[in-house]
Amino acid sequence: MAEREFSSFRILHPDPFGFLQSQNLSPDLLCSVEFFSQAEAVCFQKTILNISYLRHVRLEGAKPFRVKWSVSWPQAFLMNKSLSSLPKISKQIEDGLKGYNHHGFWTLRLKNNRNLSWSRKTIVMGILNITPDSFSDAGLYLEPRKAVERALKLQEEGADWIDMGGESTRPGAPSVSAAEEKKRIIPVIKVCAKILKIPISVDTYKAEVARAAVGEGAQMVNDVSAMTLDSKMGKTVSTLKVPIVLMHMKGKPKTMQKNPMYRDAVGEILSYFRGRLDYARQCGIHEDRLLIDPGFGFGKTDQHNLALLRGMWEFKVLGKPIVSGMSRKGMLGRLLGGLLPEERVEATAAAVTASVLKGADFVRVHDVQSMARVVKIADAIRYGG
C-alpha cells in the first residue's frame, strides 16, 4: 500500500507538550495540508488565500506538495466552516485540532461493550514472546508453564496490560503458520485469561489466530501490519468487537530493513495511518477500538526512528491512543556501541521517557518493573504530578 493518501492535514508547530504547560500563552499554529497532486495543492492554496484570518499562506515542496499557513489558536477552530466546500480536508482539520488539544483521557471499548477508561497515565504493556526466535528473549517462555509464570510476574511488577505473541517479527524473521502460532499461544492465553487481573492482547497479523485468541480471553489485537497482510483481519476484528493496534511497517519482517527510504518519515506515516483508519472504519471497527503505533524499527533506519520519536506528538491529530515500542530495540544498542538486548535497559528507560513526554499513551516493554517506575516519573513531568 502507498505510504500517502490523497491529502493529509498536519500541525507542524508548536509541540503541544511545550506550550500547553503555560496557561497564559496562546501561540500561533503552523499548519499544512500535503497533496500528491500539484494542481490540487494550487487549488487549495487559492481557496485558503481568501480566508482573511490565515497568515503566511504558501506552497512548498514537490510530491508531496505542501500548503502551509499560520493561524491563531482560537481562529483555527473556524476553519472547518470556512472550508465547508472541501469536506474531507475540513473534517481532517476539525478532528486534528481536537486530537492535538487532547489531554490524555481515553476510553477503549472492549468485548461485550465493557469500557476501559484511564486518564493522565501512560499504560505499561508487558511483552511476552512465546517464540523460539525473538530478538530479545528467544525461547525463554516457549514452554506454556513458564509463559504463564512470566505473565504473573509481569503483572506483579506493575504491567497494566500483557501483549502475547507467538511469531517473531524481528528484522529478517521467517513467518510461521497460523496453526503453529496458535499452538504456542492459545494454551497460555486460556490459562492467563482466568488468573490475571489485567487484560491480554494478542500480537498477530493473522485473522485466524486473532479469532482463536479472543475466543480464549484476549481483549485486543496488536497487528504489526495494520491489517495489510491478511485481508480477513478487518472484518474479523469488527465481528469480534475488540480494539486493535494498527502499526506501521514498511514491507514485511523478512525484508523490511533492506534500505528503507522516506522523504519525510513522520508525514508519510501520518498519511498512511489516515488510510488505515479509514479502512478500519469501512470494516465496521468502532472509533473507540482503534490505536496507532509508529512501528519503531519496522522498516526504518536509526535516523528514521529518532525522527519519529522527536515528532511523535504530530500523531495526536489522529485522535487515537499512541503506542510506542522502543524496548531493547537494535537502534539503542547501536547508539551505545553495540550493546546486547539485555544490556539496553538504561537506553530503553531514556527512550520510554522521551516517548511519554512526546505523547505516547501506551509503552510496550520487556523490563516491566523498572519501566513502570520510569513511566511514573515521566507521567509526573508530563501531567504535573
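**View 1. The lining of the largest cavity.** Gly99, His102, His103, Gly104, Trp106, Lys316, Lys320, Ile322, Gly359, Asp361 and Arg382 line the largest cavity. A cavity here is a set of points, on a 1 Å grid over the protein atoms alone, where a 1.4 Å probe fits but cannot get out, and lining residues have an atom within 4 Å of a point. This largest cavity holds about 60 Å³ of space, and the structure has 3 cavities of 30 Å³ or more. Grid points are joined across faces, edges and corners, and a volume is the space filled by probe spheres set on the points.

A word on the model before we move on. It is a predicted model, in which local features need pLDDT of at least 70, side-chain atom pairs count only at pLDDT 80 or more, and totals for chains, interfaces and linings use all residues. Residues are numbered from 1 along each chain as its sequence is written, and side-chain values use heavy atoms, with hydrogens and water left out.

**View 2. The largest nonpolar core.** This core has 100 residues, and Trp69, Leu128, Met164 and Phe315 have the most contacts inside it. Helix α10 (residues 265–282) gives the most to this core, with 8 residues. Apart from it lies another core of 12 residues, among them Leu108, Leu110, Met125 and Trp161. A nonpolar core is a set of buried Ala, Val, Leu, Ile, Met, Phe, Trp, Tyr and Cys residues joined through side-chain atoms within 4.5 Å. Buried means under 20% relative accessible area, exposed over 50%, and partly exposed in between (1.4 Å probe, protein chains only). Helices (H or I, at least four residues) and strands (E, at least two) are DSSP runs, numbered from the N terminus.

View 3. Arginine 66 pairs with glutamate 34 in a salt bridge, with 2.8 Å between the closest N and O atoms. Arginine 66 sits in strand β4 (residues 65–72) and glutamate 34 in strand β2 (residues 28–35), so the pair ties together parts that are 32 residues apart in sequence. Arginine 66 is buried at 19% relative accessible area, and glutamate 34 is buried at 2%. Both belong to a network of salt bridges that links Arg10, Glu34, Arg66, Asp264 and Glu314. A salt bridge is a side-chain nitrogen of Lys or Arg within 4 Å of a carboxyl oxygen of Asp or Glu, and the count by this rule comes to 26.

**View 4. Two further salt bridges.** Glutamate 60 forms a salt bridge with lysine 68, the closest N and O atoms being 3.1 Å apart. Glutamate 60 is partly exposed at 30% relative accessibility, whereas lysine 68 is buried at 12%. Glutamate 287 forms a salt bridge with arginine 281, with 2.4 Å between the closest N and O atoms. Here glutamate 287 is partly exposed at 33%, and arginine 281 is partly exposed at 33%.

**View 5. A nonpolar surface patch.** Leu152, Val191 and Ile195 make a nonpolar surface patch of about 210 Å². Valine 191 lies in helix α7 (residues 178–195) and, at 36% relative accessibility, counts as partly exposed. Patches are made of residues with over 30% relative accessible area and no salt bridge, with nonpolar side chains (Val, Leu, Ile, Met, Phe, Trp, Tyr) joined within 5 Å. Accessible areas come from the Shrake-Rupley method with a 1.4 Å probe.

View 6. Alanine 378 has its place in helix α14 (residues 368–383) and is buried at 1% relative accessible area.

Note on methods:
Patches are made of residues with over 30% relative accessible area and no salt bridge: like charges are joined within 9 Å, nonpolar side chains (Val, Leu, Ile, Met, Phe, Trp, Tyr) within 5 Å. On a 1 Å grid over the protein atoms alone, a cavity is a set of points where a 1.4 Å probe fits but cannot get out, and a pocket is an open set with protein on both sides within 12 Å along at least five of seven lines; lining residues have an atom within 4 Å of a point.
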